[in-house]
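Take a moment with the model below. We will walk through a pocket and then a sheet.

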Amino acid sequence: MFKRNILSAFTAIMLLLAQHSLAEGGAVAFSQLGHLLDTPTETRLASGAPGPDYWQQRADYSITVRVDDEAQRIEGSETITYHNRSPHDLSYLWLQLDQNRYALGSDATLTQTTSSFENLSYGRVATMVEQERFDGGARIAFVRDERGTDLRYTVNKTMLRIDLPSPIKAGSSYTFSVGWSHNIVDATLIKARGGYEYFAADDNYIYEIAQWYPRMAAYTDYEGWQHKQFLGNGEFTLELGDYDLAITVPADHIVAATGELQNADEVLSPEQLERFNAAREPGGQRFIVTPDEARANESRRTAGEKTWRFRAENVRDVAFASSRKFIWDAQTVVNGERNVMAMSFYPNEAEPLWSQYSTPAIVHTMDVYSRYTFDYPYPVSISVNGPVGGMEYPMITFNKPRPYADGTYWDERQKSGDKTWERSKYGLISVIIHEVGHNYFPMIVNSDERQWTWMDEGLNSFLQFLAESEWEDDYPSRRGEPEKMVPYMISDRQVPIMTNSESIFQFGNNAYGKPATALNILRETIMGRELFDHAFREYAQRWKFKRPTPADFFRSMEDASAVDLDWFWRGWFYGTGHVDVGIESVKLYQIDSRNPDIEKPWQRAQEEERETGITRQRNEGIQTLVERNPELEDFYSNYDEYAVTPWDYAQYEALQEKLTERELALLSEKANFYAVTFVNKGGLVTPLPLRIEYADGESEELLIPAEIWRRDADRVTKVFVREREITSISFDPQRRTADANELDNHWPPRVTPSRFQLFKESEDPNPMRRYDEEQWKQPIQ
């Protein structure tokens, strides 16, 4: 039961609305980000948009490569035309040699650690052994200028510097060529973004080839040369350009690659060519290489080689896959004003999942992502099944999940763990959505992955969650829902999202899950869908085929929405706090009418409701001294403090004469003033989504902005003025803030039901019993 706190109308309101003076916690939480962000320039504007002086480099490639199916090795050469669009003269160029991550003694291998040798799996130990034996580093055959003259170069681990005979002037271009080779990594032994998978049953390979050629490092206005060494996590920062790609493989291989196939009539059979041309028209899904053809193809060997030629425009990278085991299906759909050919390449071992879900997942991803960003700008989008768990490149993705050998698979992957995720329906759908989605971030919105993983993985994981939500009701998404991020946000050894990619703890949660959750909270709870969607689309379209920084994203979201989000970026992206808000207390205040005929009876009723103390209860019936000696009584012995006196009436009349009509009306106000104190235990400020329930059975949903914490980030008291009686208040009943502890989210407190399991004790057989097989198979008595 509430006890009414009696205060004058004005004193009560003033006391309850007066919060703590400006506290340091609130000041810090809501201070502006200014000094943490790059200073705006005419290159990158304060609005978050590219400025009139914005520039970025460009590199065009002509590449020839041969896959050696006997030695699992590639040899290639490339001609690169580098366009210096910066305002600077460049005396040297840097190229990425990511394959040197697999060189013997590489930094990636030398800096790997393990926490203990307890419970090491067979696979982990096999990887450790293979890393010490496999030499997958790039061998540079030559570096030459346009005339064929050798150029001086220096290899520094995963980077190669070309020393130019004279600087490349601002606004000019330079053409040179590189020859190289390297062994292909066994991606079933060493976790890799590209590699091969061997099928012993039919003596065949699937090759997924990525980060396989020397690629231009990015030269930017904010970093200069981005040549941080590649240690395995910080992915790639590359320049856009046009590619001509010639891939020579065994004659019976089927090849998928970034770009459009240029010589289908030379590499496909007449039947396959007819199907290929038919599939280029919008319509349903169809096979280009059927399962039966793939099965027959993998059982024989055709002599000779073929060269598949592809062209890709305005991409930052190319990758390809090759195998004689591939089934190939396709469906052309209309996306914006363009026909896009969605295609899947997979072995018969991937059935029945792949023909049912892969290409539809590609189509679905492009549909959803395009609505939130921009139309898909490329002519093809490809999904390939092979040994790589999930990796993305322009127009092509590598996706590992496939059924067990008997064709069975799991359903809800979050109930089965990472290993069975690779054998599940939703594992396949989700990884395809995620990897195809990377075409938008970072292949088109070309952020710096080597520096800020979250700018592509986090944004893409957020859109993946939206796409999964549109796939079917109750889709078992791994990331996106705030409550799923709570275990990470309360865990030890966290670093801010803004940490460099190679220095992140709990990589998936930090760079994928937390930013995806943050954006979901922004959309659903802080900004609202309309404002968020407009601002997010504006950011994507501003930076399409350009290279944004975090400051450009933060500023664009605020610029296009008129919502100050500095407190949000500070807490979620620059901090490691978590949300944990509790309802500390609820007090009811009502206005004292000052009318003694009303207030004195009310006071009497309150006193009579109080249960008598234990001593007085037990003393009931014992005659007191005063009862035995009435002469000890005086005025106060029978005084009734709740009786109305003439003085009370006089005081009331005097008060009425002093008050205006409006003030008199306030004294008759019957409203309830509920003072609710919220305490911030987690440190991260948050909006307060509330559900208020009333005695009449009705309820109210209320969202209080995070700015309520701006004067004190630790504790705030909010007054709710209501005509009706409040029976309960709940904070975040829809679990939309990632609140870490729901036990203190309710007033009055609720009992949380749970269950525990019983177990039967057991013990291993003693050494004497172990010698007798019949004995150790029997239960111990």
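How do the residues of the lining of the second largest pocket divide into nonpolar, polar and charged? There are 7 nonpolar, 6 polar and 13 charged. Here Ala, Val, Leu, Ile, Met, Phe, Trp, Tyr, Cys and Pro count as nonpolar, Asp, Glu, Lys and Arg as charged, and the others, Gly among them, as polar.

This is a predicted model, numbered from 1 along each chain as its sequence is written. Local features need pLDDT of at least 70, side-chain atom pairs count only at pLDDT 80 or more, totals for chains, interfaces and linings use all residues, and side-chain values use heavy atoms, with hydrogens and water left out.

How confident is the predictor? The pLDDT (its confidence in each residue, from 0 to 100) averages 92 for the protein, and 95% of the residues score at least 70. Residues 6–23 fall below 50. Beyond near neighbours in sequence, that stretch has 29 contacts in the model (heavy atoms within 4.5 Å).

Back to the pocket. A pocket is an open set of points on a 1 Å grid over the protein atoms alone, where a 1.4 Å probe fits, with protein on both sides within 12 Å along at least five of seven lines. Lining residues have an atom within 4 Å of a point. The second largest pocket holds about 590 Å³ of space, the volume filled by probe spheres set on the points. Its lining counts 26 residues. Phe465, Ser469, Glu481, Asn520 and Glu524 lie nearest the centre. Helices α12 (454–471) and α14 (507–526) each supply at least two lining residues. The largest share, 5 residues, comes from α14. Helices (H or I, at least four residues) and strands (E, at least two) are DSSP runs, numbered from the N terminus.

Now the sheet. Four strands form an open sheet in the order β28-β27-β30-β31, with antiparallel pairing. Strands pair if DSSP finds at least two bridges between them. The edge strands, β28 (699–704) and β31, each pair on one side only.

Look at β30 (residues 726–731). In this strand, 5 of 6 residues are buried (under 20% relative accessible area, 1.4 Å probe, protein chains only). It is joined to β27 (residues 688–694) by 5 bridges. Glu693 stands opposite Ser728 in β30. Another 2 bridges join β30 to β31 (residues 746–747). There, Ser730 has His746 as its bridge partner.

Definitions and conventions:
Buried means under 20% relative accessible area, exposed over 50%, partly exposed in between (1.4 Å probe, protein chains only). pLDDT is the predictor's confidence in each residue, from 0 to 100.
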